[in-house]
Amino acid sequence: MAGVRSLLVLLLVFQSSCLGFRSPLSVFKRFKETTRPFSDECLGTTRPVIPIDSSDFALDIRMPGVTPTQSDTYFCMSMRLPTDEEAFVIDFKPRASMDTVHHMLLFGCNMPSSTGSYWYCDEGTCIDKANILYAWARNAPPTRLPEGVGFRVGGETGSKYFVLQVHYGDISAFRDNHKDCSGVSLHLTRLPQPLIAGMYLMMSVDTVIPAGEKVVNSDISCHYKKYPMHVFAYRVHTHHLGQVVSGYRVRNEQWTLIGRQSPQLPQAFYPVEHPVDVSFGDILAARCVFTGEGRTEDTHIGGTSSDEMCNLYIMYYMEAKHAVSFMTCTQNVAPDMFRTIPPEANIPIPVKSDMVMMHGHHKETESKDKTPLLQQPKREEEEVLEQDFHVEEALDWPGVYLLPGQVSAVALDPKNNLVIFHRGDHIWDGNSFDSKFVYQQRGLGPIEEDTILVIDPNNATVLQSSGKNLFYLPHGLSVDNDGNYWVTDVALHQVFKLDPNSKEGPLLILGRSMQPGSDQNHFCQPTDVAVDPDTGTIFVSDGYCNSRIMQFSPSGNFITQWGEESSGRNPKPGQFSIPHSLALVPHLDQLCVADRENGRIQCFKTDTKEFVQEIKHASFGRNVFAISYVSGLLFAVNGKPYFGDQEPVQGFVMNFSSGEIIDTFKPVRKHFDMPHDITASADGTVYVGDAHANTVWKFTSAEKMEHRSVKKAGIEAQEIKGKGSGGLNLGNFFASRKGYSRKGFDRLSTEGSDHEKDEEDGSESEEEYSAPLPAPTTSSS
């Protein structure tokens, strides 16, 4: 490519002189150029943005003159993409010497852990999802992207920041206290690339290597269910005990090699010997061969150098319109298939001693007390694991085609069955209510079909149905520990407790039928209900025309209320603009509220009603529609962007304790239109109901698969009680192991799927967006 040749010439010029290109980059005039505080000892340009031609430019991402003072130091630095427009990385050039640098990793994300000139990587790499783009280790060849292939960055969906991680292993080269500016140079273009690069990570989480065992195999396999991808590079990763890692595509029982390498060689991306395409229905398979010889204790998967890992990274490209930037596989769906794996996969690759990689710490420190290593910066292995949490649609689940009426709510019963609350042939539109919130379509009568459906979570079979001739406009739904349904109807302005197995009618009714009001006996379009699993206390979010949370005893007696209507652009804690969804965090005695029109989540103590925290992110846009809590994670869905806004409608996974976003997700089949409610189970399954698309999607996560794998390995799991049943928290498992930081698992993340979808339009109602919002009216009892 002519652009690459130009880049090489420019970089040679900059290596021979510290004088950078002084004229501004014309295509990025709105960004101020800044010089970086490079040491005079550093070679390279002082200007990170290097123009090449009208469409191409280079980024010189370098450490700003650092001197590590301790072996196994991990330094990170970030650089913002100098444009908001979409661009494509089409080439990488390492700028490092194996005499000083052990390895480098380059990540893409939107929120680096720091924006300082550099920081210790134990603070993390990225706050949000981090996507590995490039890796280099000593003696490793540069990574070459094929013609027309690029990593998409910037724009609406791509990363806005690059984060460089440099591992300084043996620091004897720094005895003279010189400054180091190692890094990588990127060639980017603004010209759209027809093929988009991405990463497929295969990782074992359940391998146990018995002490003294000569040969131990760790196998991974997954069915491929996406658009075709074309593999062009791969990278293997284990620790000390790994002998060889091999990856294959299996099609019609025929094994095709993707790549085979010793993990003791420099762990960079190596080009595939022959191009490999992977299509829908293929199986991707990988085997890591370990030895337990020399160990006196069993070795498990983990993040320290005394643990092990089995990772295969596959770099691929896809057609731009179908591109997915990151995918994972942590299962072994076809164990019997490995009986026919090619014999080469079982043969270790001999490695010369001078080529062996060091892992975690150098040989000179192996015999020393390992305690100081607990305070070392986060290792590469932890950063890799930090990417492994990803929620994606379960493409084989047929429930997406159920097509009931407007789906207003979803929940899980004690048997983990999905419960759907829908509106049948009724819709909420601009004619549903008058200016005083009185329902105007009473003449239609109640919905004549069953509005509550119990769905098998595996095959989407309708197991039970109820709710006929009871409701006018269903809205909220929750299920208590006894399996009772708690629902709200915004037309009736009421809350109901229902026994799913009874034909006798509601067990409890709160509010007055068809009477909106704001006293303790009335609701005004109540939105959701939450029932404390320990005390039976009832919390109701009320609602569209009241801005309050109401609390009732288990028998329905009013106890208290709190909240007020928000005003201005900076609402205070306890102010609401449509409290739309509730989620209890029982073990912390907190109630969280989706403050919909304020685009935030507020959490309060259930006993004192004291405000605890606000969770608000720019990526929420202006709305947060629904939330669900389970096992330390908070799930949410936002709303359609307003005209001119760019935040997409999507789902979010957040670390509850920090509020940080660790993943976002969208469906592949159909698309989110008005995702109205969300519910999550302890095993990582997520369901989203859409009131406009009349659809329910099922999503599963990599964490869910890891839970199952760890149990198979016989590792004792920690059970955490939340809204649903207990579940295994893999982060707690790793955190309990020697030398491992929990921080990585608090920000597990990957880049979300961005398939182009076949759009199926739902109803064109104006439900809820157009509901009038005058001041609440007061009605006597």
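Accessible areas were computed by the Shrake-Rupley method with a 1.4 Å probe, and for residues only the protein chains shown count as cover. On this basis the protein exposes about 30200 Å², of which carbon and sulfur atoms supply 48%. The model is predicted, so that local features need pLDDT of at least 70 and side-chain atom pairs count only at pLDDT 80 or more, whereas totals for chains, interfaces and linings use all residues. Residues are numbered from 1 along each chain as its sequence is written, and side-chain values use heavy atoms, with hydrogens and water left out.

The secondary structure comprises 5 helices and 47 strands, taken as DSSP runs numbered from the N terminus (helices, H or I, at least four residues; strands, E, at least two). Of the 781 residues, 62% are buried, that is, under 20% relative accessible area with a 1.4 Å probe and protein chains only.

Ala460 lies in the loop between strand S25 (452-455) and strand S26 (462-466) and counts as buried at 7% relative accessibility. Lys670, in the loop between strand S44 (661-665) and S45, is likewise buried, with a relative accessible area of 3%. A cis peptide bond, with omega of about -10°, joins Asp542 and Gly543, and Gly543 falls in the loop between strand S32 (538-542) and strand S33 (548-552). Most residues other than glycine have a negative phi, and most peptide bonds are trans.

Key:
Buried means under 20% relative accessible area, exposed over 50%, partly exposed in between (1.4 Å probe, protein chains only).
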